[in-house]
Amino acid sequence: MPEQEPESEGETVEQGERIDNHPIVELLGNRTRVKIFATLQDASSPLNPHDITENADISRNAWYDNYGVLEEYGVIKQAGRHGNSPLYVLGDVETDDQDETDDAGNPELVAALRKASDLAGAQRRENRDTEDGSNE
């Protein structure tokens, strides 16, 4: 059995439970949430849930099961509507109706995620270049 450490007086929590409740695991420990982020990062305009699910290659249920966590952290936010459909952008994108909404997003967190994405992309390119160079 994993070692238990007290989280607060009179309470013990297993290591796995502490990690599962860690904010970064909650935010990014789910591939669907990462795919939603990447889809909106690559989008040139706000997207509705249908377009997000199509571009991210996720099910409609996966969208509805996961978008709330991204909104809660301010990674995505609603940027208006097109007909009956809400439109979404990353939380650092300024929108026309930003003053009307309580959900202003979390630009600092989104900037850090964009930076992590850029660094991961650069590392992947470097790894591929290295592999290509060693195969010659």
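1. The model is predicted: local features need pLDDT of at least 70, side-chain atom pairs count only at pLDDT 80 or more, and totals for chains, interfaces and linings use all residues. Residues are numbered from 1 along each chain as its sequence is written, and side-chain values use heavy atoms, leaving out hydrogens and water.

2. The protein contains 6 helices and 4 strands, these being DSSP runs numbered from the N terminus (helices H or I, at least four residues; strands E, at least two). Along the sequence they follow the pattern β-β-α-α-α-α-α-β-β-α.

3. Of the 136 residues, 27% count as buried, that is, under 20% relative accessible area (1.4 Å probe, protein chains only).

4. Strands S3 (residues 76-82) and S4 (residues 85-90) run antiparallel and are joined by 5 bridges; strands pair if DSSP finds at least two bridges between them. The two form a hairpin with 2 residues between them, and Gly 83 in the turn has a positive phi of about 65°. Arg 81 stands opposite Pro 86 in S4.

5. Helices H3 (residues 31-42) and H5 (residues 60-72) pack at an angle of about 75°, their axes 9 Å apart. Axes are lines fitted to C-alpha atoms, for helices over the stretch in contact, and angles run from 0 to 180 degrees between N-to-C directions. H3 is therefore roughly perpendicular to H5 (65 to 115 degrees). The contact (heavy atoms within 4.5 Å) involves Thr 32, Arg 33 and Ile 36 of H3, and Ala 62, Trp 63, Asn 66, Val 69 and Leu 70 of H5.

Key: Angles under 35 degrees count as roughly parallel, over 145 as roughly antiparallel, 65 to 115 as roughly perpendicular and the rest as oblique. Buried means under 20% relative accessible area, exposed over 50%, partly exposed in between (1.4 Å probe, protein chains only).
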